[in-house]
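I want to work out where the ligand sits and what surrounds it.

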Amino acid sequence: MADTPMLKFVTKGQLYPPKRDAGTRASDFQEISSSFPVPDAEEQASRCSQCGVPYCSTHCPLHNHIPDWLRLTAEGRLREAYELSNATSTMPEICGRICPQDRLCEGNCVIEFSGHGAVTIGSVEKFITDTAWKEGWVEPLVPGQPRGQSVGVIGAGPAGLTTAEYLRAAGYDVHVYDRHDRAGGLLTYGIPGFKLEKDVVMRRVQRLKDGGVVFHEGFEVGRDASMADLRKQHDAILIATGVYKARDIRAPGVGAQGIVKALDFLTASNRASFGDDVPEHTDGSLHAAGKHVVVIGGGDTAMDCVRTAIRQGAKSVKCLYRRDRENMPGSQREVANAEEEGVEFVWLSAPIAFEGTGHVTGVKVTGMRLGQPDASGRRAPEPDPGSEYSIEADLVIKALGFDPEDLPTMFGADELSVTRWGTLRVDHKTMMTSMDGVFAAGDIVRGASLVVWAIRDGRDVTDHMHRYLKAKARAKASAEGN
Ligand code: FAD
Ligand code: SF4
Ligand code: SF4
């Protein structure tokens with residue numbers, strides 16, 4: 001034990017990679033933190049106490065081998081750390097950047113409970129795989145021995161990309177269909193560059209393309225092909241389409257110009273970051289420059305909208321949320337980042353009407369108070385009588401969450417069974433939907449969730465699809481008398 005490089009949490013304090021100064025970072029879309037320099041990564045990894053039962057791993061949806069790759073990092077054996085980290089995740093550097101670690105691995109680190117501050121697991125994970133990319137350790141995707149079977153993946157988000165990678169490595173022909181012109185799903189067009197720079201996503205996509213995964217971009221299932229068409233072409237299908245129907249507000253004036261959906265706003269901004277020509281950006285309808293912006297909602301999407309609006313040069317940015325800070329769904333870290341960048345949070349407030357004729361000029365707001373806990377156990381917000389007031393607004397962004405689209409109708413597949421929330425119903429033992437050979441994973445099954453859960457689902461569904469496809473091949477061979 002005497003010469004162990006680990007257990008340094010008493011002598012070495014917790015450190016995150018330094019954030020760029022709020023004033024500077026609020027004027028561009030680059031990530032707000034740099035990576036650890038090598039000595040800091042090694043030192044931070046060395047704080048881990050190598051728990052026999054590592055709660056960090058238990059609470060990581062991928063059950064990453066966290067204590068093992070922390071030890072390898074502390075010992076300077078970075079390439080081995082990368083290989084271990086890569087063994088359980090298709091995109092560790094992305095999770096290291098955008099997982100809500102405070103609710104997952106780091107929030108359950110025993111060192112946090114002992115008052116020393118959690119091991120900064122996410123930042124070390126990001127450091128390991130960023131270093132691997134820099135050093136050329138990230139191997140190309142090598143397709144397995146061809147199996148003569150083909151898989152269609154609908155949706156190129158983290159769930160679809162994960163499955164595509166693993167099934168290609170297992171020797172299948174893999175075709176990925178996505179209605180957007182670039183792959184990546186919300187990694188590309190939802191999450192802004194200041195949390196996840198786009199080249200980090202694109203290099204992952206390129207690796208799959210180079211490994212022979214065929215991408216059909218700008219291809220919308222339901223418009224360009226039906227589910228029946230795809231089933232004829234492929235031996236199995238994965239539906240990983242995410243959830244995109246924006247929840248709306250019911251209040252007078254909500255149809256006014258200048259009241260927009262969060263994802264339209266974020267997609268326009270992300271497209272502009274790629275250098276695309278985005279007319280709604282240029283004409284100002286989806287741009288915050290010079291405007292008083294009000295964002296409604298308290299989740300990740302709302303946080304991304306307020307911080308994007310600041311970067312676009314808004315005159316003021318307010319976030320209205322009906323509960324208080326302690327009861328918001330978004331990450332506390334993101335709230336702190338937003339506040340540093342100049343966002344004002346108006347807790348316990350909800351819109352009751354939108355003002356202005358034609359174009360919005362303001363939001364009529366009521367104060368809220370927290371009542372008895374509801375079915376979810378959270379205290380239900382209710383209007384506080386007599387607390388109404390108005391806030392000036394030229395741009396209102398609705399960020400109230402997402403529901404699934406009506407896939408059975410869109411895909412022309414009435415036999416596709418859905419739950420009462422509209423998510424796809426799957427047999428949880430096989431991840432197969434009500435249609436034979438059609439599987440589903442990610443947000444379209446869970447409802448709006450997290451990237452790391454989409455990756456986990458993509459990993460799990462791969463095993464089920466592989467089993468199904470092998471059985472199908474065996475059945476075919478025996479029918480042919482082989
Ligand atoms: P998606 O990423 O949504 O990908 C689905 C893909 O399917 C899309 O590319 C879509 O174009 C395609 N598609 C849909 N319908 C069709 C069709 N008919 N034909 C062809 N293609 C189709 N999670 C985190 O962990 N950390 C964060 O910081 C975070 N921030 C977020 C910020 C925002 C603004 C949003 C909206 C979500 C955020 N999330 C975050 C959640 C996370 O992005 C999702 O949980 C995750 O991307 C779900 O992955 P998925 O593969 O299931 O679906
Ligand atoms: Fe933590 Fe997410 Fe990485 Fe798991 S994948 S170790 S939860 S940052
Ligand atoms: Fe290390 Fe914390 Fe995980 Fe324990 S819980 S193994 S100290 S990172």
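Predicted model: local features only at pLDDT ≥ 70, side-chain atom pairs only at ≥ 80, totals over all residues.

I started with the domains around ligand 1. Domain 2 (150-244 + 404-479) and domain 3 (248-402) each give residues to the shell, so ligand 1 lies between them.

Next I looked up the neighbours. There are 36 residues around ligand 1, and Ile-98, Asp-178, Lys-195, Tyr-244 and Asp-443 come nearest. I sorted the shell by class and got 19 nonpolar, ten polar and seven charged residues.

Then I went through polar contacts. The side chain of Lys-195 has an N or O atom 2.9 Å from an oxygen atom of ligand 1. For Val-221 I found a polar backbone atom 2.9 Å from a nitrogen atom of the ligand. Ser-449 also uses its backbone, with an N or O atom 3.2 Å from an oxygen atom of ligand 1.

How much of the ligand's accessible area does the protein cover? On its own, ligand 1 has 990 Å², and the protein covers 98% of that.

I checked which elements give two or more residues to the shell: α9 (158-169), β2 (173-178), α15 (300-311) and α19 (451-479). The most comes from α15, with three residues.

Last entry: the largest nonpolar core. I count 73 residues in it, and Leu-70, Leu-187 and Phe-215 touch the most other members. Here α19 gives the most, with eight residues. This core lies between domain 1 (22-135) and domain 2 (150-244 + 404-479), because both give residues to it.

Key
Residues numbered from 1 in each chain as written. Chains lettered and ligands numbered in written order. Heavy atoms only, no water. Near = heavy atom within 4 Å. Polar contact = N/O pair within 3.5 Å; in protein donor to acceptor, adjacent residues only side chain to side chain. Areas by Shrake-Rupley, 256 points an atom, 1.4 Å probe, with all protein chains shown as cover. Helix = DSSP H or I, 4+ residues; strand = E, 2+ residues; numbered from the N terminus. Nonpolar A, V, L, I, M, F, W, Y, C, P; charged D, E, K, R; others polar. Domains from an automatic or database assignment. Core = buried A, V, L, I, M, F, W, Y, C linked by side-chain atoms within 4.5 Å. Buried < 20%, exposed > 50% of the residue type's maximum accessible area, 1.4 Å probe, protein only.
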